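Subject: Structure handover

Hello,

Here is the structure I said I would pass on. Please open it alongside this message; the notes on what was found in it follow below.

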Amino acid sequence: MLSIDPKEISTGKLHGYLLGAVAPRPIAFASTVDADGNPNLSPFSFFNVFGSNPPIMIFSPARRVRDNTTKHTLENALATKEVVINVVNYAIVQQMSLSSTEYPAGVNEFEKAGFTMLKSDIIKPFRVAESPVQFECKVNDVIFTGDEGGAGNLIVCEVVKIHISEDVLDENGAIDQHKIDLVARAGGSYYSRAKDGFFEIPKPISTLGIGIDVIPSEIRNSSILTGNNLGMLGNVEQLPSETTVNNFGKEHPQFIGLETSKKHTFAQEYLKKNDVESAWKVLLLK
């Protein structure tokens, strides 16, 4: 058995061991606003519920391991003392992943990831309309566990309003675990679908996805492509070049001149195989 003294390995390596071993973890999809009211949206898997009377949730936007900087969510929570914790199900997991891209301050991740901003009843931060359960929370406390890269910042939240989609309720008004179809975070690029096991999503860290907001409207408003499909398409750093698309067309002439619905259907098949580049080539063919 490998035995490790945490003080004798790098923080990055320790971080990997911790996340790989303590999994799967629920995801707090946290929406906040800054002092000027600008929205921010980001997922965190250092998260759980810790009481029901009062209803308390805690999540931790940890200091970045690589450069010891703090995240906008933490800064906003300290400034406004409010946050919405949205739960993540399988239907929105690709868009959620796209929102974890570290866009600069002031960029609206709701727009980048293609989510709908829904006004909260009690607090200022917006809810994610596509999330099946949304918790409006007041921040009671923030506990700082250290000041080095990787240190946790525990945001202690009290739930002041809960919103639940009736689509995930059973005949008795309880949440049906099959209907809600939750996902959780594991180590590396792995996630766990509660009712179906593990799957992978490449995690955007060093690059910025183009975002769903810049996808052409014909594609963005597709009746065939799902939110997860759009999340995958928006997670590319750049679109294939015209030359690359034309060469793809020469190799696959069956995709040239297709009506929109058929083109979207073929692109979706590529996305099911995680071949995002080919999906984009199909979509961009004339």
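Contact, as the word is used here, means heavy atoms within 4.5 Å. Leaving aside residues within four places in sequence, Gly 197 is in contact with Tyr 191 and Ser 192. Please keep in mind that this is a predicted model.

Gly 197 belongs to strand S12, which covers residues 197–200. With a relative accessibility of 29%, Gly 197 counts as partly exposed.

The structure holds 9 aromatic pairs. One of them is formed by Tyr 190 and Phe 198 and is edge-to-face, with 6.3 Å from centre to centre and 85 degrees between the planes. Tyr 190 is partly exposed, at a relative accessible area of 38%, and Phe 198 is exposed, at 57%. The pair of Tyr 191 and Phe 199 is stacked, because the planes of the two rings stand at 20 degrees; the centres are 5.8 Å apart. Tyr 191 and Phe 199 are both buried. Elsewhere, Phe 248, Phe 255, Phe 266 and Tyr 270 are linked by ring pairs into a cluster.

The protein as a whole

The protein contains 10 helices and 12 strands. How does the radius of gyration of its 286 residues agree with that of a compact globule? A compact globule of 286 residues would have a radius of gyration near 19 Å, and the protein has 20 Å, which agrees. The C-alpha trace spans about 60 × 50 × 40 Å along its principal axes.

Of the 286 residues, 45% count as buried. The accessible surface comes to about 14700 Å², and carbon and sulfur atoms account for 51% of that surface. Taking the contacts between residues at least 6 apart in sequence, 62% join residues at least 24 apart. As for charge, there are 27 positive and 34 negative side chains, and the centres of the two sets lie 3 Å apart.

Backbone points to look at

The bond from Ala 23 to Pro 24 is cis, with omega near -5 degrees. Pro 24 sits in the loop between helix H1 (11–21) and strand S1 (28–33). Asn 53 and Pro 54 are also joined by a cis peptide bond, with omega about 5 degrees. Pro 54 is in the loop between strand S3 (47–52) and strand S4 (55–59).

Two asparagines have a positive phi. For Asn 68 the value is near 60 degrees; this residue is in the loop between S4 and helix H2 (72–80) and is partly exposed, at 24% relative accessibility. For Asn 274 phi is about 65 degrees. Asn 274 lies in the loop between helix H9 (260–272) and helix H10 (276–284), and at 55% relative accessibility it counts as exposed.

Is H10 largely enclosed or open? H10 is largely enclosed by the rest of the structure, because 7 of its 9 residues are buried. The buried residues are Val 276, Ser 278, Ala 279, Trp 280, Lys 281, Val 282 and Leu 283. Their cover includes helix H6 (217–220), helix H7 (227–233), helix H8 (242–251) and H9.

Lys 286 is in the segment after H10 and is exposed, with a relative accessible area of 80%. Not counting residues up to four places away in sequence, Lys 286 touches Ile 256 and Gly 257. Between Lys 286 and Arg 63 there are 46 Å from C-alpha to C-alpha, and the two residues are 223 apart in sequence.

Regards

Conventions: Residues numbered from 1 in each chain as written. Predicted model: local features only at pLDDT ≥ 70, side-chain atom pairs only at ≥ 80, totals over all residues. Heavy atoms only, no water. Helix = DSSP H or I, 4+ residues; strand = E, 2+ residues; numbered from the N terminus. Rg over C-alpha atoms; globule rule 2.2 N^0.38 Å. Buried < 20%, exposed > 50% of the residue type's maximum accessible area, 1.4 Å probe, protein only. Areas by Shrake-Rupley, 256 points an atom, 1.4 Å probe, with all protein chains shown as cover. Lys, Arg positive; Asp, Glu negative; His and termini not counted. Charge placed at Lys NZ, Arg CZ, Asp CG, Glu CD. Phe/Tyr/Trp six-rings, centres within 6.5 Å; stacked < 30°, edge-to-face > 60°.
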